[in-house]
Amino acid sequence: MTSRTNFCLVLLLVLGVSMPFLASAYWLSLITQILIFGMLALGVELMLGHAGLFSLCHAAFFSVAAYTVAILQVRYGLPTVIAAPAGIVLGTLLGCIFGLSVRTRGVYFILVTLAMGYIIWGVGYRWASFTGGDSGVTNIPAPEVAGFSAADPMAYYYLVLVVLSLTLFAYRRLIYSPFGLVLRGIKSGEKRMLSLGFNPAAHLYIAFVISAMIASLAGVLYAYFNKFVNPVSASLHISVEAVLMGIVGGTGTILGPLIGAGLVLGLRNWVSSFFTLH
């Protein structure tokens, strides 16, 4: 199974590297979006597929990270090397707070994370003087580090591909580590793991924070890709879509979130082609 996973990852990487030479500008943009939302789904999948917890607040981390990048670069003129890490840090810190929800289980965990997600969505709409309300924050500049600018769509695609590849590598190491095995043990039988001397609450909390960090990284990439952030990025349907991507692609897998993102976003774009505005 590990050899097959490695082969699929290498094949996906080769296909990803050659994609800009095979796809049109439209498809390259769509694939970039799929990779970004696939990363968001990967964060959700860590909790759902490996820890067995159904989270509905990951759009909050995604949105906070995106807003941080947008506000720091557009309003304060800070460079990418400060704004991007700040977005990841703030999204992860929010995950440290929301991670207290792992003290609950089942439908209670779902309701608590749902309520927490709505808090961030509400702040985005109500604190219009800071977040811009419905209008959001626009004209986010392309990321630029050490003279390298990803303003070109192909350059930004490769940037997203590199970040995603490193994230997948780290994610694979995590889920096959003793920590990942403990998470799967908790999913299968929490009381049994407790009787063996493990601390399920601590493991679930750490997993939640890591998943929030992955979602925050996706939010940073989304801000630079979309060049616009508004409260919709923190809405419930973003969290639900991320969960759906993980389920459709196959829970408990590495490539499942990416496959699910491709199916969901591809289907949505295909269906939208049948509707025109008059």
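This section describes helix packing and selected local features of a predicted model.

Residues are numbered from 1 along each chain as its sequence is written, and side-chain values use heavy atoms, with hydrogens and water left out. Because the model is predicted, local features need pLDDT of at least 70 and side-chain atom pairs count only at pLDDT 80 or more, whereas totals for chains, interfaces and linings use all residues.

Helices (H or I, at least four residues) and strands (E, at least two) are DSSP runs, numbered from the N terminus. Helix α4 comprises 19 residues, 80–98. From first C-alpha to last, α4 reaches 27 Å, close to the expected 27 Å at 1.5 Å a residue; the expected span is 1.5 Å times one less than the number of residues. The residues of α4 that are buried are Thr80, Ala83, Ala84, Gly87, Gly91, Thr92, Leu94, Gly95 and Phe98. These residues lie on the same side of α4, because they cover an arc of only 160° around the axis, the arc being that of the directions from the helix axis to the C-beta atoms. In general, an α-helix has 3.6 residues a turn, so residues three or four places apart point the same way. Buried denotes under 20% relative accessible area, exposed over 50%, and partly exposed in between (1.4 Å probe, protein chains only). The packing partners of the buried residues of α4 are α3 (58–74), α5 (106–126), β2 (144–145) and α10 (200–226).

Axes are lines fitted to C-alpha atoms, for helices over the stretch in contact, and angles between N-to-C directions run from 0 to 180 degrees. Angles under 35 degrees count as roughly parallel, over 145 as roughly antiparallel, 65 to 115 as roughly perpendicular and the rest as oblique. The axes of α3 and α10 come within 7 Å and cross at roughly 45°; the two helices are therefore oblique to each other. The contact (heavy atoms within 4.5 Å) involves residues including Phe61, Phe62 and Val69 of α3 and Phe208, Tyr222 and Tyr224 of α10. Helix α7 (residues 153–175) packs with α10 at an angle of about 175°, the axes being 11 Å apart, and the pair is therefore roughly antiparallel. Among the residues making this contact are Tyr156, Val160 and Tyr171 of α7 and Ile210, Leu217 and Phe225 of α10.

A further helix pair is formed by α2 (residues 25–51) and α11 (residues 236–249), whose axes come within 8 Å and cross at roughly 75°. This angle makes α2 roughly perpendicular to α11. The contact is made by Phe37, Leu40, Ala41, Val44, Glu45 and Leu48 of α2 together with Ile238, Ala242, Val243, Met245, Gly246 and Ile247 of α11.

Two loop residues were examined for backbone geometry. Most residues other than glycine have a negative phi. Asparagine 139, in the loop between β1 (137–138) and β2, has a positive phi near 60° and counts as exposed at 66% relative accessibility. Lysine 227, in the loop between α10 and β4 (228–229), likewise has a positive phi, of about 60°, and is partly exposed, with a relative accessible area of 37%.

Glutamate 190 is found in helix α9 (residues 190–195) and is partly exposed, at 30% relative accessible area. Glutamate 190 and proline 200 are 10 residues apart in sequence and 6.7 Å apart in space, C-alpha to C-alpha. Residues up to four places away in sequence excluded, glutamate 190 touches Arg105, Gly185 and Pro200.
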